[in-house]
Amino acid sequence: HGDGRVHDVSGPDAQSGYGFELTFRLIRSPGETAPPTWPALLMQDLARYVFHSDNVLCSGDHVSWHNALDDSDSRMQHMIMADDPQLSAASTPSGTVSFVQIVGVTYEELQATQRWNGPGMLDLMRSIPVSGGPWLVTDMRRGESIFDICPQLQEKVDEGVRSEGSNLSGVIAKCGWKQITDTDDLSTLNEFFGPTGKFDNEGKPVTGEESAAASVQQHDNVCDLSELKNDTTGELLSVKFINCVHLKFNIEAGQLLPLCIGGRLKHGRHFTFRSVAGDCAVTFITPSVSGAFVDKQHPFASHGPWLQILLNEEFIDQLCEDFQPLTEPDKLALPKHYNWPDRGLMISIYPDDDADQ
């Protein structure tokens with residue numbers, strides 16, 4: 001167990017390497033006499049992302065892949081991670097290891113996972129034989145989401161969101177922020193950001209295994225920012241209070257703003273957007289979140305590249321209403337600019353094509 005060529009050899013009381021191995025269960029297609037090779041390539045892409053980013057995949061996490069897992073025309077274009085139902089965690093001479101199973105899902109199932117939580121969605125999928133059953137077997141030929149197959153499951157998701165909120169605490173996305181001095185002058189803002197909506201330092205599109213890095217979604221209900229503070233900046237920096245700020249998102253990240261506000265902050269939790277370029281992060285928080293460096297007198301503050309934004313209950317209710325159109329992104333005219341001059345906040349949503357230029 002373990003490979004000393006990749007990781008330092010650990011002992012039985014520590015985790016082995018990253019502490020997990022990926023598994024996958026796939027329905028055999030008619031006429032297949034040997035397992036296909038594409039699942040191994042998919043696992044390699046995910047493993048490469050983990051190796052380069054040090055972000056561990058856990059049960060309940062999901063990955064928006066935006067491409068059929070087997071490069072076909074299948075609707076299985078995204079993934080949820082689950083505890084393998086057969087292989088339990090093992091203790092080895094080289095350390096402990098758990099087994100995390102990849103489960104292929106449709107876009108509708110991915111959206112429900114983002115709004116609510118991965119474990120809840122996995123339970124719903126286990127209840128439908130054609131969507132995986134108790135073994136969570138992926139069927140690349142499945143043409144319907146679980147909500148097409150059993151419409152009443154949508155009510156369970158909606159009720160779960162209303163009563164529990166979302167346990168999605170942050171995403172790695174195309175985003176950016178900049179302190180501004182005039183929230184009403186768009187031409188001034190464009191001088192800071194440029195008219196093309198660039199989100200990374202080099203203006204390069206994200207492809208291949210890098211697309212996984214831009215789409216991995218982490219779940220955590222902890223309402224304490226101390227651990228994130230140490231992880232985001234990596235060094236000791238002074239806190240800078242800001243009067244006005246402009247946030248910028250591509251449409252994929254922007255359509256998560258309703259979830260951020262309604263599914264997280266409305267329930268007293270925080271939500272973080274981390275730039276795929278690795279150069280900044282934005283955390284929305286409420287007064288109930290501990291470990292923050294913002295307060296009622298200073299709702300915007302930065303700690304190096306990490307920006308925190310404190311929202312009170314009144315503003316959260318307003319944003320829930322203002323962001324409602326983002327739930328139907330196909331109907332939006334982009335770029336879309338939101339401006340709250342009295343709050344010192346502006347948010348811009350750009351098309352993906354502009355974000356990658």
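**View 1. Crossing of helices α2 and α3.** In this predicted model, the axes of helix α2 (residues 107–115) and helix α3 (residues 118–126) cross at roughly 135° and come within 7 Å.

**View 2. Residues in the contact of α2 with α3.** From α2, the residues Glu109, Ala112 and Thr113 take part. They meet Gly118, Met121 and Met125 of α3. Sorted by class, the contact of α2 with α3 has 3 nonpolar, 2 polar and 1 charged residues.

**View 3. Length of helix α5.** Helix α5 (residues 153–164) has 12 residues, which at 1.5 Å a residue should span 16 Å. Just after α5, Gly165 takes a positive phi of about 75°.

View 4. Leu153, Val157, Gly160 and Val161 of α5 are buried. Seen down the axis of α5, these buried residues fall within an arc of 100°, and therefore line one face of the helix. Such spacing follows from helix geometry: with 3.6 residues a turn, residues three or four places apart in an α-helix point the same way. Glu155 and Arg162, on the other side of α5, are exposed.

**View 5. Cover over the buried residues of α5.** The elements that cover the buried residues of α5 include α2, α3 and α4 (146–149). Two of these helices, α2 and α3, also meet each other, with Glu109 among the residues from α2 and Met121 among those from α3.

Terms used. Residues numbered from 1 in each chain as written. Predicted model: local features only at pLDDT ≥ 70, side-chain atom pairs only at ≥ 80, totals over all residues. Heavy atoms only, no water. Axes fitted to C-alpha atoms, helices over the stretch in contact; angles between N-to-C directions. Helix = DSSP H or I, 4+ residues; strand = E, 2+ residues; numbered from the N terminus. Contact = heavy atoms within 4.5 Å. Nonpolar A, V, L, I, M, F, W, Y, C, P; charged D, E, K, R; others polar. Expected span 1.5 Å × (residues − 1). Buried < 20%, exposed > 50% of the residue type's maximum accessible area, 1.4 Å probe, protein only. Arc of directions from axis to C-beta.
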